[in-house]
Amino acid sequence: MSEYTLDCLGEICPVPLIKTQKKLAALNKNDILIVSIDHSCAMKNIPEWVRKEGHNVEIEEINDGEWEIYIEK
């Protein structure tokens with residue numbers, strides 16, 4: 001199990017979701033991807049997609065309007 005980060009701060013939809021999909025596809029089972037976002041649309045779209053794909057996801061608000069999404073592949 002390895003941990004990876006993806007910085008999507010300042011990116012607007014659909015860019016964070018597309019970057020997350022590409023990065024997650026390259027990871028191995030049980031790897032963790034931490035996606036940093038600051039766009040509320042991505043905060044909704046990324047977790048929805050991750051759950052639909054069958055992965056575990058948790059969201060942590062780091063600052064006001066800034067989140068980290070933890071995805072376990």
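Predicted model: local features only at pLDDT ≥ 70, side-chain atom pairs only at ≥ 80, totals over all residues.
Q: OK, and is Thr5 buried or exposed?
A: Thr5 is exposed, since its relative accessible area comes to 60%.

Q: What is Thr5 in contact with, leaving aside neighbours within four places in sequence?
A: With those neighbours set aside, Thr5 is in contact with Leu33 and Ile34.

Q: And how far is Thr5 from Asn30?
A: Their C-alpha atoms are separated by 14 Å, and along the chain Thr5 and Asn30 are 25 residues apart.

Q: While we're at Asn30, what is its phi?
A: Asn30 has a positive phi of about 75°, although this residue is not a glycine. For background, most residues other than glycine have a negative phi. Asn30 belongs to the loop between helix 1 and strand 2, and with a relative accessible area of 36% Asn30 is partly exposed.

Q: Switching topic, which residues does the cis peptide bond join?
A: The cis bond joins Cys13 and Pro14, with omega at about 5°, and Pro14 is found in the loop between strand 1 and helix 1. As a general point, most peptide bonds are trans.

Q: Now the helices: how do the axes of helix 1 and helix 2 cross?
A: Helix 1 is made of residues 15-25 and helix 2 of residues 40-52, and their axes come within 9 Å of each other and cross at roughly 30°. Because angles under 35 degrees count as roughly parallel, helix 1 is roughly parallel to helix 2.

Q: Which hand does the crossing have, and which residues make the contact?
A: The crossing of helix 1 past helix 2 is right-handed. From helix 1 the contact is made by Pro16, Leu17, Thr20, Gln21 and Leu24, while helix 2 brings Ala42, Asn45, Ile46 and Trp49.

Q: How many of those are nonpolar, polar or charged?
A: The residues in the contact of helix 1 with helix 2 divide into 6 nonpolar and 3 polar, with no charged residue among them.

Q: How many salt bridges turn up in the whole structure?
A: A search of the whole structure finds 2 salt bridges. One of them links the side chains of Glu11 and Lys19, with N to O at 3.0 Å, and the other pairs Lys44 with Glu48, where the closest N and O atoms are 3.2 Å apart.

Q: How exposed are Glu11 and Lys19?
A: Glu11 is partly exposed at a relative accessible area of 25%, and Lys19 is likewise partly exposed, at 32%.

Q: And how are Lys44 and Glu48 placed in helix 2?
A: Lys44 and Glu48 are 4 residues apart in helix 2, so about one helical turn separates them. Glu48 also counts as partly exposed, at 42% relative accessibility.

Q: Last one, where is Asp38, and what is it in contact with if its neighbours within four places in sequence are left aside?
A: Asp38 lies in the loop between strand 2 (32-37) and helix 2, and it counts as partly exposed at 34% relative accessibility. Leaving aside neighbours within four places in sequence, Asp38 is in contact with Cys8, Leu9, Gly10, Glu11, Gly65, Glu66 and Trp67, and Glu11 is also in the salt bridge with Lys19.

Q: How far is Asp38 from Ile62?
A: Asp38 and Ile62 are 24 residues apart in sequence, and in space they are 9.8 Å apart, C-alpha to C-alpha.

How values were computed: Residues numbered from 1 in each chain as written. Heavy atoms only, no water. Axes fitted to C-alpha atoms, helices over the stretch in contact; angles between N-to-C directions. Helix = DSSP H or I, 4+ residues; strand = E, 2+ residues; numbered from the N terminus. Parallel < 35°, antiparallel > 145°, perpendicular 65-115°, else oblique. Left-handed = near helix turned anticlockwise from the far one by under 90°. Contact = heavy atoms within 4.5 Å. Nonpolar A, V, L, I, M, F, W, Y, C, P; charged D, E, K, R; others polar. Salt bridge = Lys/Arg side-chain N within 4 Å of Asp/Glu carboxyl O. Buried < 20%, exposed > 50% of the residue type's maximum accessible area, 1.4 Å probe, protein only.
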